Number of protein chains: 2
Amino acid sequence: MPVNRQVVLTSRPHGIPQAEHFAIRESALPALQPGELLVRNLYLSVDPAMRGWVNAAANYSDPVAVGEVMRSFAVGRVVESRHPDYAAGMHVMGMLGWQDYAVTDGKPIRRIVRETDLPLSLSLGVLGLNGITAHFALSTLGRPQPGETLVVSTAAGAVGSIVGQLGRLAGCRVVGIAGGEEKRRICVEEFGFDAAIDYRAGDLAQALEQHCPDGVDVYFDNTAGRISDAVLPRINRHARIVVCGTAAIASWDPWPEGPRVERHLLNKAAQMAGFLVWDYEHRYEEAVAHLAPLVRSGALRYREEIQDGLESAPGAIADLYAGRNLGKRLIRLTSNDE
Amino acid sequence: MPVNRQVVLTSRPHGIPQAEHFAIRESALPALQPGELLVRNLYLSVDPAMRGWVNAAANYSDPVAVGEVMRSFAVGRVVESRHPDYAAGMHVMGMLGWQDYAVTDGKPIRRIVRETDLPLSLSLGVLGLNGITAHFALSTLGRPQPGETLVVSTAAGAVGSIVGQLGRLAGCRVVGIAGGEEKRRICVEEFGFDAAIDYRAGDLAQALEQHCPDGVDVYFDNTAGRISDAVLPRINRHARIVVCGTAAIASWDPWPEGPRVERHLLNKAAQMAGFLVWDYEHRYEEAVAHLAPLVRSGALRYREEIQDGLESAPGAIADLYAGRNLGKRLIRLTSNDE
């Protein structure tokens, strides 16, 4: 059997995990037991949520233990299977971890990838967690209506860019908020937003005033910091605020303060709701069935930023929070194995 | 025609309106025009929301102008009518203002009171805005399920006490939060809450821990201050937080800060929503039809605190915010006119 390289958590970060919190270790692959399968990972995912998965507190799932392989989505090819649901040659996506190979009983697998006409990497992005999140968070909590104004934070990001495009398809005026001129431009030119704001340039409140003349009906938020504080006073009656991430908050220990939201919600009979994609695990296929045709037709565009090699994984989450990526961040493990 | 005494706003308060912000003036009643009716007000309502109605900013409706009669709910008897929908002798409830008589075109009238077997005053409390608010806010936003834990702030108040009782009827464990031992005791002994906490005594977080061993599924909030800050960390997955009032915030100018709520909402896929009873104006009869039988059977209990005379109105809102009332605060204008 080949040797398996694994990225393990070596110490618990306070805040955003850096390369120094991980190490690469090698281990022999065990022989498969009945009910198990061996997956060769081809692409590893890098997601903002991984920050929470390694932090000790204030999260929705148990943290990754120190010494464990880093939890992550990955897509790979089944090399060998003693599991009735999977056969060698199939492509599977799931919580397969930052490692070359995964030996699994099948439980971490989320879906079999059947869109073989599309790049396999998409099953971690626009047809993976990002697309599925965008689809369900927007449709169930955001509920955009034609003619409404949708504001999206981290608008050039892997989720935000899809949310904005789905909002346009739903008939909304879509205004993105992103960090830096290049991301701002991408929102408008590549993803077709009606307008986009570089929150690092100029007065954010004034820019929102200018680009949202009719107020804000849906605010899709991935930030929770001063960007949200600028949007909240502009919400309309019956606005929906979707809380999908808190990228602007470097640490929740100590717990940060901000302007109270209660009066905004009360005055506007508005709603603020957190979204966890895990609530929709049983409906992933429904989202992919909705999104894949949009990708094929070109109605839904995406950007990927792919780094090669497992060794690029440890620093990837910190890179993401530094806002240095332009598109879905992925790690490609092999270039000749699809 | 008799002289009409009216409580008018004489200056705009910053924060909670005090007696000094009002004056009583007398004016002659005009002759009725076609389409108008004359109502003799019998009971005037005193509601926490009236604070917002006289403040210049941060609200859901235009403020009462200086020099205008104070906006309020009232219930009265139709003395004379040139309006096709109303006849002399009918009892009507609506936005009739703090005054002895209202000459109106009918638009401020919310409903004709037909529960003539019950005290007329109830149409401003348990069968009025308070009961209607409790019913719709809890059923549409709180959505209590059997076995869940419902926490209610301002629990001994006109809305909170009804919310708690409706929660019990829905099969919830109901825990009230109120200010002072007497209110705490009333929640348990009169309104049948499973437990109640005096937030002024001892450690609130610890008391919540003790009385909500299974966490909090529904939080009905009328406060928005440190009480909410203590409840939020205890919410369960898919919790619903109903924002119905912000009694703990003396002023929204400058806008106060508090612990950020985003991470709580995200980690628990929870929802926080503001409730405005105006959204349900077309459904008031539905709420009364639900509540009146509960009042008749004794399943829904209420407390009233009635003051006599128009001259007690100016200081009544400040009294309410000082927490000095035990029950729905009303002003009775005449004792022999029902």
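Between chain B and chain A of this predicted model, the count is 4 salt bridges, a salt bridge being a side-chain nitrogen of Lys or Arg within 4 Å of a carboxyl oxygen of Asp or Glu. In one salt bridge, the side chain of Arg237(A) meets that of Asp279(B), with an N to O distance of 3.0 Å. Across the interface of chain B and chain A, 18 residue pairs are found in polar contact, both residues being at pLDDT 80 or more; a polar contact is a pair of N or O atoms within 3.5 Å, of which, within protein, one must be able to donate a hydrogen and the other to accept it, and residues adjacent in sequence count only if both atoms are side-chain atoms. On the side of chain B that touches chain A, at least two residues each come from α6 (226-231), β12 (235-243), β13 (257-259), α7 (262-267) and β14 (271-274) of chain B, where helices (H or I, at least four residues) and strands (E, at least two) are DSSP runs numbered from the N terminus. The element that gives the most to this side is α7(B), with 6 residues. By class, the side of chain B that touches chain A has 20 nonpolar, 11 polar and 8 charged residues, with Ala, Val, Leu, Ile, Met, Phe, Trp, Tyr, Cys and Pro counted as nonpolar, Asp, Glu, Lys and Arg as charged, and the others, Gly among them, as polar.

The contact, defined by heavy atoms within 4.5 Å, takes 39 residues from chain A and 39 residues from chain B. The area buried between chain B and chain A is about 3500 Å², and carbon and sulfur atoms give 55% of it; buried area is the accessible area (1.4 Å probe) that two parts lose on being put together, summed over both. Of the area that chain B buries against chain A, 23% is supplied by Arg260(B), Arg263(B) and Leu266(B), more than by any other three residues.

Strand pairing also links the chains. Strand β13 (residues 257-259) of chain A pairs with β13(B) in the antiparallel sense over 3 bridges, two strands being taken to pair if DSSP finds at least two bridges between them; within this pairing, Gly258(A) has Gly258(B) as its bridge partner. An open sheet of mixed pairing is formed by 12 strands in the order β10(A)-β9(A)-β8(A)-β11(A)-β12(A)-β14(A)-β14(B)-β12(B)-β11(B)-β8(B)-β9(B)-β10(B). Its edge strands are β10 (195-198) of chain A and β10 (195-198) of chain B, each of which pairs on one side only, and the twist from one strand to the next averages 15°, with axes as lines fitted to C-alpha atoms, for helices over the stretch in contact, and angles running from 0 to 180 degrees between N-to-C directions. In chain B, strand β8 (residues 149-153) and strand β11 (residues 216-221) pair in the parallel sense over 3 bridges, and Leu150(B) stands opposite Val218(B) in β11(B). Helix α4 (residues 181-189) of chain A packs on the sheet, where it touches β9 (173-178) and β10 of chain A, and its direction makes about 170° with that of β10(A). Helix α2 (residues 129-142) of chain B also packs on the sheet, touching β8, β11, β12 and β14 of chain B, with its direction at about 145° to that of β12(B).

Within chain A, Asn236(A) lies in strand β12 (residues 235-243). The side chain of Asn236(A) reaches the backbone oxygen of Asp214(A) at 2.8 Å and makes a polar contact with the side chain of Asp217(A) at 3.0 Å. Neighbours within four places in sequence being left aside, Asn236(A) is in contact with Asp214(A), Gly215(A), Val216(A), Asp217(A) and Lys268(A).

As to backbone geometry, a cis peptide bond with omega of about 5° joins Asp253(A) and Pro254(A), and Pro254(A) lies in the loop between β12 and β13 of chain A. In chain B, a cis peptide bond joins Asp253(B) and Pro254(B), with omega of about 5°.

Residues are numbered from 1 along each chain as its sequence is written, and chains are lettered from A and ligands numbered from 1 in the order in which they are written. Local features need pLDDT of at least 70 and side-chain atom pairs count only at pLDDT 80 or more, whereas totals for chains, interfaces and linings use all residues, and side-chain values use heavy atoms, with hydrogens and water left out.
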